[in-house]
Amino acid sequence: MKNTTTAPVIEALIARFGAPPQTAVVLGSGLGGLAKRLEDAQTADYKTLGLPEPSVAGHAGRLSIGRLGQARVAFLSGRVHLYEGRPTDEVVLAVRCMAHWGVQRVVLTNAAGGVDPSLQAGDVMLMTDHLNLTGRNPLVGPDAERWGPRFPDMGRAYDPDLRAQAQRVAGELGITLHEGVYAAMIGPSYETPAEVRMLAVLGARAVGMSTVPEAIALSQLGVPALGFSMISNQGAGIGDQPLDHADVSQAAAKAGVTLGRLIQALVEEWG
Ligand code: HPA
């Protein structure tokens, strides 16, 4: 039986790192380099903390805590995905632990395909909302009350005040920050062209395979979240290139450089 409770992880976090940082950032594929910018960084592998380990290339499974300017921040390099065949409560355990440890906000990042043809590889999109098309919900189960209300409101899943702040800081840095709805599919196959057309009809601007379970868990916990998509490719049927994980990761890294600047500035402002 895998651990899906936060208590032993919180104990390990306190023993290793002490008090919680103000902000936790989940680094999607392409953003791993951000952890290298930390000052006075301390790291721990997920395994040693009792957190589930990712099994996908490009997802390290390491927690780094340090400072950016005056602000203390946790970078979670790597996450567990539904498409790895993992139960939803394993997928959201890391963010639940951050919340119970006491972080004040969580930034969720991902690599995503552009559903709106105007989005190009290398663009960054602020998530305004999501479509949960994974067929799963991390709050399903008998004892969800220990995390928060049984039927949490999802109207502010991506905190409006944090979003306004992100747009202002992006403007100050000269970064174009697109906005839109992110559709989550379970994967791991990419979408068909017909599915991408369907997602556009439903109002999505980007599609990916993560983030939504974590955003649902954080809404239930009442912890403000912010979500960013690094557009790594145009959705199937929009461009003429077949989708390939290595190309997608490389293109996400390009958007990751821009997003890294924005996240650093935001974290410093929150500090
Ligand atoms: N679809 C789903 N997930 C993704 C994509 C995509 O096109 N690109 C990166 N992650």
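**Exercise 1. Helix packing**

Find the handedness of the crossing of α4 and α7, then describe how the two helices pack.

*Solution.*
Step 1. The crossing of α4 and α7 is right-handed. Note that this is a predicted model.

Step 2. Locate the residues in contact. On α4 they are V95, R96, A99 and H100; on α7 they are E214, A217, L218, Q220 and L221.

Step 3. Sort them by class. The contact of α4 with α7 has five nonpolar, two polar and two charged residues.

Step 4. Take the geometry. Helix α4 spans residues 93-101 and helix α7 spans residues 212-221. Their axes lie 9 Å apart, and the packing angle is about 25°.

Step 5. Name the arrangement. Angles under 35 degrees count as roughly parallel. The angle of about 25° therefore makes α4 roughly parallel to α7.

**Exercise 2. The largest pocket**

State how much space lies in the largest pocket, and work out which elements give two or more residues to its lining.

*Solution.*
Step 1. Start with volume. The largest pocket holds about 380 Å³ of space.

Step 2. Go to the centre. The lining has 25 residues, and the closest to the pocket centre are Y83, A111, Y190, M209 and V248.

Step 3. Assign elements. Two or more lining residues come from each of β5 (105-114), β8 (204-208), β9 (225-234) and α8 (245-270).

Step 4. Pick out the main contributor. Strand β5 gives the largest share of the lining, four residues.

Step 5. Sort by class. The lining of the largest pocket has eleven nonpolar, twelve polar and two charged residues.

Key. Residues numbered from 1 in each chain as written. Predicted model: local features only at pLDDT ≥ 70, side-chain atom pairs only at ≥ 80, totals over all residues. Heavy atoms only, no water. Axes fitted to C-alpha atoms, helices over the stretch in contact; angles between N-to-C directions. Parallel < 35°, antiparallel > 145°, perpendicular 65-115°, else oblique. Left-handed = near helix turned anticlockwise from the far one by under 90°. Contact = heavy atoms within 4.5 Å. Nonpolar A, V, L, I, M, F, W, Y, C, P; charged D, E, K, R; others polar. 1 Å grid on protein atoms, 1.4 Å probe; cavity = no way out; pocket = protein on both sides within 12 Å on 5 of 7 lines; lining within 4 Å. Points joined across faces, edges and corners; volume = space filled by probe spheres on them.
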